Amino acid sequence: MVFEYFKQPWKALYLAYQVPATCVLLPVWALIYAFPIFRPRPAWSWGHAIMVAICLVFSYTNNAIFVGSVPSLPDHHAIVSSKEAQGVWMDGTPQLITADLKLWTTLSKVQPVRIPGYWFGKKGVVPEPRSPVRPGEKVFLFLHGGGYVLLSAHPRSLTTTISRSLLALSDSVPRALAVEYRLSSTHPLPDRHPFPTALLDALAGYNYLVNVVGYSPSNIIMVGDSAGGNLALALVRYLVENKGTTDVPLPSPPGGLLLLSPWADLSNSHDVPGSSSFTHKGDIMEDMTEYTGFACYAKRAYLGPYGVRMATSNRYISPASLHPLVNARFTDFPRTFIQAGGAERFLDQIRTLRDKMVADMGENKVTYYEAADAVHDYLVFPWHPACPPTLKAIQQWLA
């Protein structure tokens with residue numbers, strides 16, 4: 001079933017079917033969801049239930065496992081101009097690779113390369129800052145979601161809604177840099193960019209902010225949604241665990257970590273009967289426990305030559321894993337804000353991540369916000385009723 005409609009003419013035929021089929025379903029949803037008992041979540045309003053259904057169909061249709069991105073999005077090969085953001089090239093950092101990362105890079109046969117990034121500025125602010133930046137100026141480093149196989153840092157990508165929303169919260173953080181890290185793929189597409197490729201690229205983005213633009217690490221707020229949250233955790237872990245071990249000084253960890261519906265466990269340790277992986281069927285995420293489909297493909301693509309067992313034992317890949325082999329500690333991590341949706345399939349693993357971080361860092365350094373009955377990564381949907389209170393909580397955390 002993987003990529004069954006990826007090539008023409010099947011792609012066009014699939015879209016020709018899916019679009020009118022959705023139009024036919026709309027009045028059916030309108031009728032069924034008039035009764036709260038038939039809504040995926042009885043607490044949802046009629047309009048809310050319909051919007052989630054539409055988003056689920058769009059996500060399913062726009063999934064690379066079926067037809068590829070519609071329309072296609074930019075990737076790491078080139079900077080695509082935009083009125084909303086300023087593109088910039090960032091050099092790879094072979095001089096900063098050491099310890100486990102050096103071993104994994106060798107085993108995966110991947111190398112650091114020059115990658116693009118996109119500067120976003122709040123309204124009235126030029127996106128790309130002057131170098132060096134003003135003392136005390138803060139910045140967001142944004143790592144987008146998409147299961148490591150989808151989406152982009154470019155303004156056309158859905159997840160950049162988050163960058164725009166965050167920039168509106170505080171005058172002290174006028175800019176965000178989104179990293180266009182390399183996406184993973186596997187059969188039937190070519191095997192490309194497995195772990196730790198995205199980590200190498202995230203490190204390049206962080207090094208660019210510190211050693212090229214001139215931001216103090218304490219003024220960088222690292223942000224990641226979904227798989228981007230997983231990547232943000234991995235990058236912070238690398239900076240924390242390997243400080244002082246490279247010939248060229250490794251930058252200090254960032255001053256803050258903002259995790260939005262993070263994918264914190266790529267293993268199956270949370271996939272047990274009664275868990276959110278099974279019971280939260282109203283989420284926009286598909287069933288993460290299936291052995292076919294997007295989630296399975298994303299894991300296979302990202303884990304590459306290591307296979308799924310790597311997710312069971314690796315603290316950089318599954319920091320919230322319940323498996324005893326994963327020794328993921330969070331001592332010396334920066335102050336952290338974790339957001340979760342009460343209706344998302346990742347809820348149990350996010351709560352485990354929260355508990356682990358609090359145990360190592362203390363309650364005063366971990367802020368947790370759970371929006372009741374909210375789906376996965378809901379901050380990408382401006383219409384979602386949980387967005388305003390969540391953004392308000394983040395604004396208070398930033399102050």
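Which residues do ring pairs link into a cluster? They are W104, Y148, Y181, F195, Y302, Y306 and Y316.

1. Basis. This is a predicted model, where local features need pLDDT of at least 70, side-chain atom pairs count only at pLDDT 80 or more, and totals for chains, interfaces and linings use all residues. Residues are numbered from 1 along each chain as its sequence is written, and side-chain values use heavy atoms, with hydrogens and water left out.

2. Aromatic pairs. The whole structure holds 13 aromatic pairs. Rings of Phe, Tyr and Trp (its six-membered ring) pair if their centres lie within 6.5 Å; planes under 30 degrees apart are stacked, over 60 edge-to-face, the rest tilted. W104 and Y316 are edge-to-face, because their planes stand at 75 degrees, with ring centres 5.2 Å apart. W104 sits in helix α3 (residues 99-108), and Y316 in the loop between α9 (309-313) and β7 (335-341), 212 residues apart. Helices (H or I, at least four residues) and strands (E, at least two) are DSSP runs, numbered from the N terminus. Both W104 and Y316 are buried. Buried means under 20% relative accessible area, exposed over 50%, partly exposed in between (1.4 Å probe, protein chains only).

3. R237. This residue is in helix α6 (residues 227-241). R237 is buried, at 2% relative accessible area. Among the residues that R237 touches are R315, Y316 and F330; contact means heavy atoms within 4.5 Å. A network of salt bridges links R237 with D100, E241 and R315. A salt bridge is a side-chain nitrogen of Lys or Arg within 4 Å of a carboxyl oxygen of Asp or Glu.

4. Other salt bridges. The structure has twelve. One pairs D373 with R41, closest N and O atoms 3.0 Å apart. D373 lies in the loop between β8 (366-371) and α11 (387-398), R41 in the loop between α1 and α2, 332 residues apart. D373 is partly exposed at 22% relative accessibility, while R41 is buried at 18%. E84 pairs with R164, again with closest N and O atoms 3.0 Å apart. E84 is in the loop between α2 and β1 (86-90) and R164 in helix α4 (residues 160-167), so this bridge ties together parts 80 residues apart in sequence.

5. R354. Its partner in a salt bridge is D355, closest N and O atoms 3.0 Å apart. The charged end of R354 also sits over the ring of Y368, 4.6 Å from its centre. For this, NZ of Lys or CZ of Arg must be within 6 Å of the ring centre and within 35 degrees of the ring normal.

How values were computed: Lists of a residue's contacts leave out its neighbours within four places in sequence.
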